[in-house]
Amino acid sequence: MRDVFSEEVSKILNRYLVQFKGLAVGQHVFSFDVDKAFFDEFEGGEISNGRLSVEVILNRLSNMIELDFFIEGDVEVKCDRCLEVLTIPTEFEGKLVVRISDSIDESEVSDEIWYVSSNEHELSLAQYIYESICLSLPLQRYHGILGTSTDDCDSEMLERLQTLSLDENQEVREADTTDSRWDKLKDLMNNQN
Ligand SMILES: [Zn+2]
């Protein structure tokens, strides 16, 4: 019996397949759109939504395929400060080399160099596209970067988070009072009075 759910999943990621078997030697251009349905396929990811265009210039050689990627668009991520959704622009340029060979040089295999056997006929680019978009994101994401406004930071949430961290500090200070050094300091201060 076929699993209806996994069939649905592959339907979305199947949009990012490139059939290379019948491609003539030379350049071919492919375009893909990346949207919410795409990001939903990668559970637990940092990107909740996005609208990006992916252009791939594929250069077919006899035993090799070179793919140049150009990715551009907007993604939705969480703000580091207020935890609300933040939309930022992003772009990525990268090159992937796929060797068509039945013997694999393990020392050469990497994120940018793949091997496919001579009886394969398609490349799945979804994972590469997803990881490239993740790589293109800035390490810190908050309202105020890349054309976004600090005014959009959720001020109520910021206050709540600030109160939380103040409470934490309070707890630390209370824990300190059991420290004998603190008692000595108190004694010292009392003696001064
Ligand atoms: Zn924010």
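Me: What makes β5 and β6 a pair, and in which sense do they run?
Reply: In this predicted model, β5 and β6 are joined by 4 bridges in the parallel sense. Two strands pair if DSSP finds at least two bridges between them, so 4 bridges qualify β5 and β6. Arg 99 stands opposite Tyr 115 in β6. Strands here are DSSP runs of E with at least two residues, helices are runs of H or I with at least four, and both are numbered from the N terminus.

The model is predicted: local features need pLDDT of at least 70 and side-chain atom pairs count only at pLDDT 80 or more, while totals for chains, interfaces and linings use all residues. Residues are numbered from 1 along each chain as its sequence is written.

Me: Why are β2 and β6 called edge strands?
Reply: The open sheet has 5 strands in the order β2-β3-β4-β5-β6, with mixed pairing. β2 (26-34) and β6 (113-116) each pair on one side only.

Me: How do you know that β2 and β3 pair, and in which sense?
Reply: DSSP finds 9 bridges between β2 and β3, in the antiparallel sense. Val 29 has Ile 57 in β3 as its bridge partner.

Me: What joins β3 to β4?
Reply: β3 and β4 run antiparallel and share 12 bridges. They form a hairpin with 3 residues between them. Arg 60 has Ile 65 in β4 as its bridge partner.

Me: What makes a set of residues a nonpolar core, and which members touch the most others?
Reply: A nonpolar core is a set of buried Ala, Val, Leu, Ile, Met, Phe, Trp, Tyr and Cys residues joined through C-beta atoms within 7 Å. The largest one has 23 residues, of which Val 54, Leu 67, Ile 71, Ile 129 and Ile 133 touch the most other members. β4 gives the most to this core, with 6 residues.

Me: Why is Leu 83 called partly exposed?
Reply: A residue is buried if 20 or more other C-beta atoms, placed from the backbone, lie within 10 Å of its own, exposed if 12 or fewer, and partly exposed in between. Leu 83 has 13 C-beta neighbours inside 10 Å, so Leu 83 counts as partly exposed. Leu 83 lies in the loop between β4 and β5, and has a positive phi of about 70° although it is not a glycine.

Me: Why is Leu 146 called exposed?
Reply: Leu 146 has 12 C-beta neighbours inside 10 Å, so Leu 146 counts as exposed. Leu 146 is found in the loop between α3 and α4 (155-176).
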